Structures are given as C-alpha cells and as structure tokens.
Amino acid sequence: MTYSKPPVERKVGAATAGSYLGLVAVLTVLQTVNADLDLIAFLPDWLESLAIPLLPGLITWVSGYKAKHTARPDLPPDQR
C-alpha cells in the first residue's frame with residue numbers, strides 16, 4: 001500500500017513562520033536595548049513580565065488565524 005502524505009496545512013506553516021519571526025523580533029529588540037528595563041517601564045509590574053513572552057504567541061495566533069485553509073480533496077465532502 002502506498003501512503004501519500006498530505007501537504008502541510010497553510011495555517012500551520014504561517015503559524016510556524018509567525019512564531020519564529022516574532023521570537024526573532026523580540027530577541028532583536030532585547031539585544032538592541034541591552035536589557036534596558038525602561039523600555040516597558042510604563043506598564044504595571046505584573047504586566048511587564050507578561051508583555052515580552054506574549055508577543056510571539058500573539059503573532060503566531062494572528063498568522064494562523066489569517067492564513068487560508070488548505071483544501072483536502074482526498075477527504076469525503078462531509079469531512080472537508
């Protein structure tokens with residue numbers, strides 16, 4: 001039996017690229033400002049610890065949400 005691997009869904013590829021680019025952007029900003037804590041000092045203390053890690057996740061979610069769905073013609077119509 002020959003198994004044909006379906007293509008990677010566009011949403012998965014977009015979310016992966018978004019996650020990578022989001023993390024690169026965060027790391028670039030951190031290296032550029034040399035850990036200057038005044039960069040986000042206007043935020044409350046509890047929000048400062050959430051702001052930086054939240055950015056890559058937010059970019060991942062938005063890129064996956066906005067990407068088009070990949071059609072699966074190999075599935076029956078009621079499962080597409």
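Predicted model: local features only at pLDDT ≥ 70, side-chain atom pairs only at ≥ 80, totals over all residues.
Figure 1. Leaving aside neighbours within four places in sequence, Lys-11 is in contact with Gly-64, Tyr-65, Ala-67, Lys-68 and His-69. Thr-70 stands 59 residues from Lys-11 in sequence, yet the two C-alpha atoms are 7.6 Å apart in space.

**Figure 2. Packing of helices α1 and α2.** The chain contains two helices and zero strands. Helix α1 spans residues 10-33, and helix α2 spans residues 45-66. Two packed helices are described by the angle between their axes and the distance between the axes. Here the angle is about 155 degrees and the axes are 7 Å apart. Because this angle is over 145 degrees, α1 is roughly antiparallel to α2. The crossing of the two helices is right-handed. On the α1 side, the contact is made by Lys-11, Ala-14, Ala-15, Gly-18, Ser-19, Gly-22, Leu-23, Val-26 and Leu-30. Helix α2 contributes Ile-52, Leu-55, Pro-56, Ile-59, Thr-60, Ser-63, Gly-64 and Tyr-65. By class, the residues of this contact divide into ten nonpolar, six polar and one charged.

**Figure 3. Gly-64 at the contact with α1.** Gly-64 lies in helix α2 and is among the residues through which α2 meets α1. With a relative accessibility of 15%, Gly-64 counts as buried, because the limit for that class is under 20%. Beyond residues up to four places away in sequence, Gly-64 touches Lys-11 and Ala-15. The C-alpha atoms of Gly-64 and Val-12 are 6.6 Å apart in space, although 52 residues separate the pair in sequence.

**Figure 4. The aromatic pair of helix α2.** The structure holds one aromatic pair. Its members, Trp-61 and Tyr-65, are stacked, with 5.2 Å from centre to centre and 10 degrees between the planes. Both residues lie in helix α2, four residues apart, which corresponds to about one turn of the helix. Trp-61 counts as exposed at 55% relative accessibility, and Tyr-65 is likewise exposed, with a relative accessible area of 58%. Tyr-65 also takes part in the contact of α2 with α1.

**Figure 5. Val-62 and its spacing from Gly-18.** Val-62 is a residue of helix α2. Its relative accessibility of 36% places Val-62 in the partly exposed class. From Val-62 to Gly-18 the C-alpha to C-alpha distance is 8.2 Å, across 44 residues in sequence.

**Figure 6. His-69 beyond the end of α2.** His-69 lies in the segment after α2. Not counting residues up to four places away in sequence, His-69 touches Glu-9, Arg-10 and Lys-11. The C-alpha atoms of His-69 and Arg-10 are separated by 6.3 Å, and the two residues are 59 residues apart along the chain.

**Figure 7. Burial and contacts over the whole chain.** Of the 80 residues of the chain, 12% count as buried, and Gly-64 is one of the buried residues. Among contacts between residues at least 6 apart in sequence, 77% join residues at least 24 apart.

Notes:
Residues numbered from 1 in each chain as written. Heavy atoms only, no water. Phe/Tyr/Trp six-rings, centres within 6.5 Å; stacked < 30°, edge-to-face > 60°. Buried < 20%, exposed > 50% of the residue type's maximum accessible area, 1.4 Å probe, protein only. Axes fitted to C-alpha atoms, helices over the stretch in contact; angles between N-to-C directions. Parallel < 35°, antiparallel > 145°, perpendicular 65-115°, else oblique. Left-handed = near helix turned anticlockwise from the far one by under 90°. Contact = heavy atoms within 4.5 Å. Nonpolar A, V, L, I, M, F, W, Y, C, P; charged D, E, K, R; others polar.
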